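This report goes through one chain, beginning with the confidence of the model and then turning to its packing and side-chain pairs.

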Amino acid sequence: MQLSSEIVLVEFIHRLFVAVYEGVSLAYVTNIIPPGGFTPGKRIMGLAVISCDEVFSLGNDRFLVTGMRNPSLRNALIRSVIKNFSLSFFVPTSLTVFLYEHKRAIYDLVAGTVVIELPN
């Protein structure tokens, strides 16, 4: 039983470090034009995370995003903590991508962020 509680503690510390790394990366590793922060994996995939005011659907999987800006450290940390801890406890927070009209996960809705594809 003690081994199990030690593994849970190690996993909690690991998730905390991952969440902080991801949050700092999103807030401080940024593009100038267009705005947006990214982790190394998002950059390789040509994606970025931005803060925005509103998202409007234009149809055909196209969206109009108003008030685009780089995510603040606060928004980036909120997003990464909710994402990393919910995924580690098997809470299906990512399922809102399939249910929500604008294809945003619940952690993006709470943090006021959206994932965008970077132009080539």
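In which element is confidence lowest, and in which is it highest? Confidence, given as pLDDT (the predictor's confidence in each residue, from 0 to 100), is lowest in helix α4 (residues 96-99), at a mean of 72, and highest in β3, at 91. Over the chain the average pLDDT is 84, and 91% of the residues score at least 70. This is a predicted model, in which local features need pLDDT of at least 70 and side-chain atom pairs count only at pLDDT 80 or more, while totals for chains, interfaces and linings use all residues. Residues are numbered from 1 along each chain as its sequence is written, and side-chain values use heavy atoms, with hydrogens and water left out. Helices (H or I, at least four residues) and strands (E, at least two) are DSSP runs, numbered from the N terminus.

The largest nonpolar core has eight residues, namely F38, A48, I50, C52, V55, V114, I116 and L118. Such a core is a set of buried Ala, Val, Leu, Ile, Met, Phe, Trp, Tyr and Cys residues joined through side-chain atoms within 4.5 Å. Two or more residues of this core come from each of β3 (47-51) and β6 (113-117). Beyond its neighbours within four places in sequence, I116 is in contact (heavy atoms within 4.5 Å) with P35, G46, L47, A48, I50 and M68. R43 lies over the face of F38, at 5.1 Å from the ring centre; for this, NZ of Lys or CZ of Arg must be within 6 Å of the ring centre and within 35 degrees of the ring normal.

The whole structure holds one aromatic pair. The ring centres of F12 and F85 are 5.4 Å apart and their planes stand at 50°, so the pair is tilted; rings of Phe, Tyr and Trp (its six-membered ring) pair if their centres lie within 6.5 Å, with planes under 30 degrees apart counted as stacked, over 60 as edge-to-face and the rest as tilted. Because F12 lies in helix α1 (residues 2-28) and F85 in helix α3 (residues 73-88), the pair ties together parts that are 73 residues apart in sequence.

The table gives accessibility, where buried means under 20% relative accessible area, exposed over 50% and partly exposed in between (1.4 Å probe, protein chains only).

| Residue | Relative accessible area | Class |
|---|---|---|
| F12 | 42% | partly exposed |
| F85 | 15% | buried |
| D108 | 4% | buried |

D108 lies in helix α5 (residues 106-111) and, not counting residues up to four places away in sequence, touches R79, T113, V114 and V115.
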